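Welcome! Take a moment to look at the sequence and the 3D view before reading on.

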Amino acid sequence: MLLEVRDLHVEFRTREGVVNAVNGVSYEVDAGETLAVLGESGSGKSVTAQAIVGILDVPPGRIGGGEVLFKGQDLLKLKEDERRKVRGAGMAMIFQDALSSLNPVLSVGQQLGEMFVVHRGMSHKDAKARAVELMDRVRIPAARERVGQYPHQFSGGMRQRIMIAMALALEPSLIIADEPTTALDVTVQAQVMDLLAELRRELHMGLILITHDLGVVADVADRIAVMYAGKIVETAPVHDIYKAPAHPYTRGLLDSIPRLDQKGSELYAIKGLPPNLLNIPPGCSFHPRCPRARDVCTTDEPPLYEVSGTRHSACHFWRETLHDVDN
Amino acid sequence: MTSTTESSVPAGTTSEPVLEVRDLVKHYPLTQGILFKRHVGAVKAVDGVSFDLARGETLGIVGESGCGKSTVAKMLVHLEEPTGGRIAFKGQDITGLSGRGMKSVRRNIQMVFQDPYTSLNPRMTVGDIIGEPFEIHPEVAPKGDRRRKVQDLLDVVGLNPEYINRYPHQFSGGQRQRIGIARGLALQPEVIVADEPVSALDVSVQAQVVNLMERLQSEFELSYVFIAHDLSIVRHISNRVAVMYLGKVVEIGTDTEIYEHPTHPYTQALLSAVPLPDPTDREHRERILLAGDVPSPANPPSGCHFRTRCWKAQEVCARVEPPLAVPEWFRDGGGPTAHPSACHFADESTAPPTGEPGKRPGAPDGGPGSGPGASGRPPEEA
């Protein structure tokens, strides 16, 4: 297994109290596989990724427990400089906002080449040649002419390609993409997602795709993990989850997106709001918003029940949820 | 204020349109030099947009960033002065109005903004924010009555009326957008222009706000101009949809016409790029991946603006700008393909054209070929 996250806990100390952002998350990604982590803002999907890569702000953040096994090695136990070596060569991250992740006063060639100078000890001239190669690889037209240009001279889609090129530079075995297409237009979004999927196949990398968009996920993911209030509430192969979700939250999310191919009267809306992480409801954290909630949900926290060999759901009534769909 | 004349009602609609927009243009000048600013060109943000909005109707406007959809919204509420063209509210031209005349018209056209975090003043209470329009238009609510009015509005948008003294930061994104909507409703307008009202919200909250807007529409007989880049949401809420590309409307029609029978290649590409939330659906659909980016509106391509990215483009597309009109070869047949589409090769099929422009693509001899050449002002819907 390429990456295994086991029972990860992350909390933030704030003036108002302890924010429990991640409460026991476990997932795994194999080489050549795409895992989509789906959740709304505040679900802990990005914080989990930051803890894996090791860019969590500490303090106020603190890893409360758990393991992050990368190729069998627990990253959380390593010293910062050892960890940096593993991370630099092994994993890379792509962020949502390409404009603010790129340095505006350095040319894109310099920024891409820097990776080779620092990690591979290349000369600046060789590094520049590699930068052009990378830009070609992510299909930026006229790479040789554009290598000396600055980020503001590129469009949003092109900037995101440069971010992808940067992530690919050291040929990592794992890429974590945090909302990589959220800031882009639909037509460009499709181009970037296709590029990511293609490169993943070509280079046989593991890909973790963090997103709130169920549509984007459907196109590229193999498996999906749905997060709510710092926990995984459902994991399943992508086809299964769309056909028949086994958790009421997933069901609600699917029902609340308007469909392009049909025009309904009223949209289904999950009532209420996501919980305040300072004060997560007892029992199942989704129970105040859940149409299926019964007394047991307010007291007993549901474990991740095994639905089938490849599926899990953290709902006491996963059978009923699945069954409802069949009706 | 209510002059009920004007005869240019498009056939098909029964009542007079609330808003009539004709040839709306907004150019931003590009200058060079520090002391003596020379005009070196213009960014053609909006370049000749026309549409009607009927009472109680929702017109969706979709397009990618930079296509001019938000600039249209700003001109409708008079936050931007049009460079040319005409906006008429119930038959009265409002583009040249100033002072008192403008004030009374503005009451009737209100706006809901995209970002509920920056469009609410953090130092004002919710009561002050929603009540502020009454300061400018005291005729709507006399002073003593305002607090009760604001509480009514909070109740209407589904917020607890007791929250009247809270500040914006005490609310979540969805609740803030409700506050923005309540402020838009305060003056009992007839038209609400909503610019990406749900884009900043989480999926589960989006649905709540869309449902609220639909409920309010039927309750108060509002007309909406709903601008968004999310095609699924636009279809859900709109009666008619206009697709914009580089400052122009390229296709306009009812939601069925646009979503199920698009004839403009840009609309077809846009629809095919929308991620479907079901992997089984996506297996049997054809995806069109557009190459490249949207050209700069400061220097749009000649002829048809879309031709640089269009797989159907022929030599004629660079020469002649296709007018926004019902294509001749669809005009007689009626049916869902007979809606305005600004393409020389408008067709439901996405195959590259064969034969001459201005004829039904593929057909041996389809109608008199006078399609191209007739560029001019975009005609109304027929």
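This is a predicted model: local features need pLDDT of at least 70, side-chain atom pairs count only at pLDDT 80 or more; totals for chains, interfaces and linings use all residues.

**Chain B as a whole**
- Chain B holds 12 helices and 10 strands.
- Of its 382 residues, 47% are buried.
- Counting contacts in chain B between residues at least 6 apart in sequence, 64% link residues at least 24 apart.

**An annotated region**
- An unreviewed UniProt entry places the feature "domain: ABC transporter" at residues 19–271 of chain B.

**A sheet to find in chain B**
- Look for an open sheet of 4 strands in chain B, in the order E2-E1-E4-E5, where the pairing is antiparallel.
- Strand E2 (38–53) and strand E5 (92–93) of chain B each have a single partner strand, so they stand at the edges with one side left without a neighbour in the sheet.
- Strand E4 (residues 84–89) of chain B runs antiparallel to E5(B), and 2 bridges join them.
- Across this pair, Ala88(B) sits opposite Asp93(B) of E5(B).

**Where the chains touch**
- In this model, 37 residues of chain A are in contact with 32 residues of chain B.
- On the chain A side, the elements giving two or more residues are helix H8 (186–203), helix H9 (214–220), helix H10 (238–243) and helix H11 (248–256) of chain A.
- H8(A) gives the largest share of that side, with 6 residues.
- The chain A side is made up of 17 nonpolar, 12 polar and 8 charged residues.

Definitions and conventions: Residues are numbered from 1 along each chain as its sequence is written. Chains are lettered from A and ligands numbered from 1 in the order in which they are written. Two strands pair if DSSP finds at least two bridges between them. UniProt positions are given in the numbering used here, feature names are shortened, and annotations may be inferred rather than shown by experiment. A residue is buried if 20 or more other C-beta atoms lie within 10 Å of its own, exposed if 12 or fewer, and partly exposed in between; C-beta atoms are placed from the backbone. Two residues are in contact if their C-beta atoms, placed from the backbone, lie within 7 Å. Ala, Val, Leu, Ile, Met, Phe, Trp, Tyr, Cys and Pro count as nonpolar, Asp, Glu, Lys and Arg as charged, and the others, Gly among them, as polar.
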